[in-house]
Amino acid sequence: MCGIIGIVGSEAVAPALYDGLTVLQHRGQDAAGIATIDGTRIRIHKANGLVRDVFGAEQMRLLAGRIGIAHCRYPTAGSEGSDEAQPFYVNSPYGIALAHNGNLINTEALRHEVFEQDRRHINTQSDSEVLLNVLAHELMRQERLDPDAAFKAVAEVHRRCLGGYAVVGTVLGLGLVGFRDPNGIRPLVLGRRESASGTEYALASESVALDLLGFTRMRDVAPGEAIVITAQGELHAQQCAAPAKHAPCIFEYVYFARPDSMIENVSVHKARMRMGVKLGEKILRLRPDHDIDTIIPIPDSARDSALEVANVLGVKYREGFIKNRYVGRTFIMPGQGERVKSVRRKLNPIPLEFRNRVVLLVDDSIVRGTTSRQIVQMARDAGARKVYLASAAPPVRHPNIYGIDMPAANELIAHDRSEEEVQAALGCDWLIYQDLADLEWAVAEGNDSLHGFDSSCFTGEYVTGTTSEYLERLSEQRGDEARQKRLAG
C-alpha cells in the first residue's frame, strides 16, 4: 500500500507535499519521494525511510516549483530496495514523473511488451516503472501535448494495464495528470482551495491530506476517469475507460485508511462504528447469555468497532494495551522472527484491566495470526480468566493482488482452516469473525451508490480476473523464504 498526492498551486508546493505525506505516512513507511516541475526541469528527491528522515532543509530548497507530486511506500511483491522508491522519471516524451498506489497483475506481459513493442527499457522490478513507460509511450504516440492527448494516452493505459491503481504524474509542458483504475479499486480524491493568486487543486489517496492543507474535498475521482490540471490552473476531467464493476477495496475501511478520511463519500470512522454494531449483534445472537466483563480494543484501528461492540453488549469498554508508536505494521515485516519481536515491542498490557476478568479483545482483522496469538497470551499473562477474540472483518483466506502486500496464502492463518481450527491455533477461548455481508453493509450504508467491493482477500474472487499461475508466482514472491533471500542480497 502506498500514499500519493499531487498539487498544482500558486506558489512552491514542496512544503505542502511534505505535509501531505506526513498524514499519509500510515500508508507506507519504507520510502518517500517528491518530484516538482521547476521551469523546464523536473526535480526529484527520494530515498528509503520515513518522510521526516528523507527530506531535510537542503532537499526542500532544491524542490522548487508550483506543480508537484509525492509518494510514500512500503515494499510490494518482489520490490525491496532503494531503487524502488518513487516517483519514477522518464525523459521521453517531454519529461514525466509518476507516483503509483496499487499493483498491476499483468506486469510480466507488459514488461515484454514495453521492451519488444515500445522499445523502452525497465530498470527496476517495480510495476510502477512499467506503468510509467506505458503512459509515456502512449503519450508519445499523440501528435500534440494537451489535455485531450493525455486523456487518449490514459485510455490506452487502461486498455493495456490490468489491476488496481491510482496514479499522479507531472508532465513538462502540461501540468498534473491523475487517474484511477476502471474498477476504482484504489482510492483517489480531488480537492480545491482558493488563494490570493487563484484556484489551486490537489489529488490525494485520502481526504485527510486535503483537510490538513486547507483544500475542500470536491469528490472522488471516478473509476476509469482521468484528471488533468494544467500549469495555468485549468481543471479538465474525462472518462477514459468503458464502464466496469465499481469495486473499491474494502480493506481500506477495515484497516488501512485513517478514520478521519472520507473514501467514496463514506466516513471511514462511521464505517468502522457500523462494523462494531454488526459484530456486537452477532455476538448477542450466538451467545445471548455471554459472560464478557470487558471489551478491549487492539489499538489503533479497532477502537471505533470495539466501542460500538461494548455499547451493543452493554459491557465496559477499556483501553488495555499501550502502543509503542515507533514500530511498523507487523504483518508486512520480512520474517516471522522479526514479527514476533516487533509485537512484543509494540504493545504492553495494563494488568489491572485484565486481572480476573473475562475479556473480549476486538481487532480490525486477523491476517497471519502472529500478532493475535501473542496478544491473546499477553492477556492471559496479565491475569485474564478467559480471553475471547473478535475480528471486525471476516477470515482473511486469500492474498490481495491489488496493492496490499499480504503474505502468501499458506501464511494466512485462516487459509484452509475452519474457524474452530483458527481459534485453536490462536489459543483463545472463543473466536468470532464478522460476516462478509455485515461488513459490506457497514461500508455501503454510507453511500447508496456503492453496490460492491473488492473483497477478494475474504472470498478469493478477483474483480479483474486472475490465473492460478499468477497466484502461484505471487506466493513465491511474498513468502518469507523468498523475502529473506532478497533482503540478504
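Visitor: Is Thr-170 buried or exposed?
Guide: Thr-170 is buried, with a relative accessible area of 0%. Buried means under 20%, exposed over 50% and partly exposed in between, for a 1.4 Å probe and protein chains only.

Visitor: What are we looking at, and how are things counted?
Guide: This is a predicted model, so to speak of local features takes pLDDT of at least 70 and side-chain atom pairs take 80 or more, while totals for chains, interfaces and linings use all residues. Numbering starts from 1 along each chain as its sequence is written, and side-chain values use heavy atoms, without hydrogens or water.

Visitor: OK, back to Thr-170. Where is it?
Guide: Thr-170 is part of strand 7, residues 163-171. Helices (H or I, at least four residues) and strands (E, at least two) are DSSP runs numbered from the N terminus.

Visitor: And what does Thr-170 touch?
Guide: Setting aside neighbours within four places in sequence, Thr-170 contacts Ile-37, Ile-42, Ile-67, Gly-68, Ile-69, Gly-95, Ile-96, Ala-97 and Gly-175. Contact is heavy atoms within 4.5 Å.

Visitor: Let's switch to Ile-283. Which helix holds it?
Guide: Ile-283 sits in helix 9, which covers residues 268-286. Ile-283 is buried as well, at a relative accessible area of 0%.

Visitor: What are its contacts?
Guide: Not counting residues up to four places away, Ile-283 touches Pro-288, Ile-292, Val-309, Leu-313, Leu-360, Trp-430 and Ile-432. There's also a C-alpha separation of 9.1 Å between Ile-283 and Ala-390, which are 107 residues apart along the chain.

Visitor: Which residues of helix 10 are buried?
Guide: In helix 10 (residues 303-313), the buried ones are Asp-304, Ser-305, Ala-306, Glu-308, Val-309, Ala-310 and Leu-313.

Visitor: What covers them?
Guide: The cover for the buried residues of helix 10 includes helix 9, strand 16 (294-297), strand 17 (316-317) and strand 20 (358-363).

Visitor: What happens just after helix 10?
Guide: Gly-314 comes there, with a positive phi of about 70°.

Visitor: Now rings. How many aromatic pairs are there?
Guide: Eight. Rings of Phe, Tyr and Trp (its six-membered ring) pair if their centres lie within 6.5 Å; planes under 30 degrees apart are stacked, over 60 edge-to-face and the rest tilted.

Visitor: Why is the pair of Tyr-388 and Trp-430 called what it is?
Guide: Their ring centres are 5.7 Å apart and the planes are at 90°, so that pair is edge-to-face. Tyr-388 is in strand 21 (residues 386-391) and Trp-430 in strand 22 (residues 430-433), so the pair ties together parts that are 42 residues apart in sequence.

Visitor: Buried or exposed, those two?
Guide: Tyr-388 is buried at a relative accessible area of 3%, and Trp-430 is buried at 9%.

Visitor: Where does Arg-287 lie?
Guide: Arg-287 lies over the face of Tyr-388, 5.6 Å from the ring centre. Arg-287 also lies over the face of Trp-430, at 3.9 Å from that ring centre. The rule for a charge over a ring is NZ of Lys or CZ of Arg within 6 Å of the ring centre and within 35 degrees of the ring normal.

Visitor: Which residues form an aromatic cluster?
Guide: Phe-251, Tyr-255, Phe-256 and Phe-458 make up one aromatic cluster.

Visitor: Where do Pro-87 and Asp-300 sit?
Guide: Pro-87 is in the loop between strand 4 (67-73) and strand 5 (88-90). Asp-300 is in the loop between strand 16 and helix 10.

Visitor: Which residues other than glycine have a positive phi?
Guide: Tyr-94 is one of them, with phi near 75°. Asn-356 has a positive phi of about 60°.
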